[in-house]
Amino acid sequence: MNLQMKLRCVAIDDEPLALEILADDLSRIDFLEVAGTFLSAVDAQEFLNDEAVDLVFSDIRMPTLSGTQFLRGLENPPMFIFTTAYENFAVEGFELNVVDYLLKPIPFDRLRKSAKKALELYRLQKNDQQKDAFFFVFSEYRKIKIIESQILYIEGLKDYVKIFLANRPKPILTRQNLKKIETQLTETKFYRVHQSYIVAVDKITSTQKNSLMIGSVTIPIGGLYEQTFNKKYYPR
């Protein structure tokens with residue numbers, strides 16, 4: 001991660017004033033991007049189903065779905081920082097490997113320090129991913145490990161994606177949108193060339209004006225992507 005990139009975060013609190021104050025403080029931290037604020041974990045859960053988020057700031061005691069229940073229910077949870085007025089949830093919070101546990105009212109300096117801790121952890125995770133690049137997807141009722149070096153290309157189909165691998169005759173189908181899976185890939189190794197396709201750059205065998213080849217498969221290059229792709233990877 002370079003210094004210009006930001007952690008994409010959301011804030012959850014069932015008290016409107018507390019949520020407003022938290023969101024305002026988070027917007028003052030230069031390496032955070034507040035992607036959404038929610039008065040319930042249920043609403044936040046729907047958002048996370050469609051959007052990629054790096055960090056969640058969540059209250060714990062909330063109606064319908066508590067912060068800890070919310071975290072336990074996520075298949076691939078982002079980093080969490082709990083914000084609460086109650087000390088008695090601290091042990092449970094750290095058992096869930098949260099980044100931090102903040103007691104209200106939260107001083108701004110303490111909030112920024114906690115967010116900085118998340119940023120450093122994020123950088124470490126990214127470095128580890130690039131060394132041993134892999135991630136997991138759910139397919140056919142099980143978790144499947146996807147090793148980046150085996151990926152040929154990824155095709156998006158509305159709410160699903162097909163991941164084509166060099167070592168498998170059939171693609172892996174998983175319920176996930178292309179935008180979300182793009183955030184799990186090492187940026188320098190993959191490129192989105194079309195609204196429906198992401199390709200592994202090192203697997204490209206040839207290119208034409210509006211398409212490229214990966215082995216015997218032709219992948220279209222969308223008009224929105226053609227100029228930047230060719231300029232970056234295949235300058236003429």
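A word on conventions before we start. The model is predicted, so I take local features only at pLDDT of at least 70 and side-chain atom pairs only at pLDDT 80 or more, while totals for chains, interfaces and linings use all residues. Residues are numbered from 1 along each chain as its sequence is written, and side-chain values use heavy atoms, with hydrogens and water left out.

Let's begin with the inside. By a nonpolar core I mean a set of buried Ala, Val, Leu, Ile, Met, Phe, Trp, Tyr and Cys residues joined through side-chain atoms within 4.5 Å. Buried is under 20% relative accessible area, exposed is over 50%, and partly exposed is in between, with a 1.4 Å probe and protein chains only. Helices (H or I, at least four residues) and strands (E, at least two) are DSSP runs, numbered from the N terminus.

The largest nonpolar core has 21 residues, and V10, I12, L48, V56, F70, F80 and F82 have the most contacts inside it. At least two residues of this core come from each of strand 1 (7-12), helix 2 (41-50), helix 3 (67-73) and strand 4 (79-84). Helix 2 gives the largest share, 4 residues. Please click on F70 for a moment. Leaving aside residues up to four places away in sequence, F70 touches I12, A41, A44, Q45, L48, V56, L65 and F80, where contact means heavy atoms within 4.5 Å. Apart from this core lies another, of 20 residues, with L7, A11, L19 and L22 among them.

On to strand 8, residues 151-157. Of its 7 residues, 5 are buried, so strand 8 is largely enclosed by the rest of the structure. Two strands count as paired if DSSP finds at least two bridges between them. Strand 8 runs antiparallel to strand 9 with 6 bridges, and E155 stands opposite K162 in strand 9. Strand 8 also runs antiparallel to strand 12 (residues 197-200), with 3 bridges, and there I154 stands opposite I198.

Now for some backbone details. Strand 8 and strand 9 form a hairpin with 2 residues between them, and K158 in the turn has a positive phi of about 55 degrees. K158 is exposed, at 80% relative accessibility. Y141 also has a positive phi, near 65 degrees, and is not a glycine. You'll find Y141 in the loop between strand 6 (134-139) and strand 7 (142-147), exposed at 89% relative accessibility. The peptide bond from K104 to P105 is cis, with omega near -5 degrees.

That K104 brings us to the charges. A salt bridge here is a side-chain nitrogen of Lys or Arg within 4 Å of a carboxyl oxygen of Asp or Glu, and the structure holds 10 of them. K104 pairs with D13, the closest N and O atoms being 2.5 Å apart. K104 lies in the loop between strand 5 and helix 5 and D13 in the loop between strand 1 and helix 1, so the pair ties together parts that are 91 residues apart in sequence. Which of the two is buried? D13 is, at 1% relative accessible area, whereas K104 is partly exposed at 26%.

R8 and E33 form another salt bridge, at 3.7 Å from N to O. R8 sits in strand 1 and E33 in strand 2 (residues 32-38), 25 residues apart. To finish, R8, E33, E51 and K179 are linked in a network of salt bridges.
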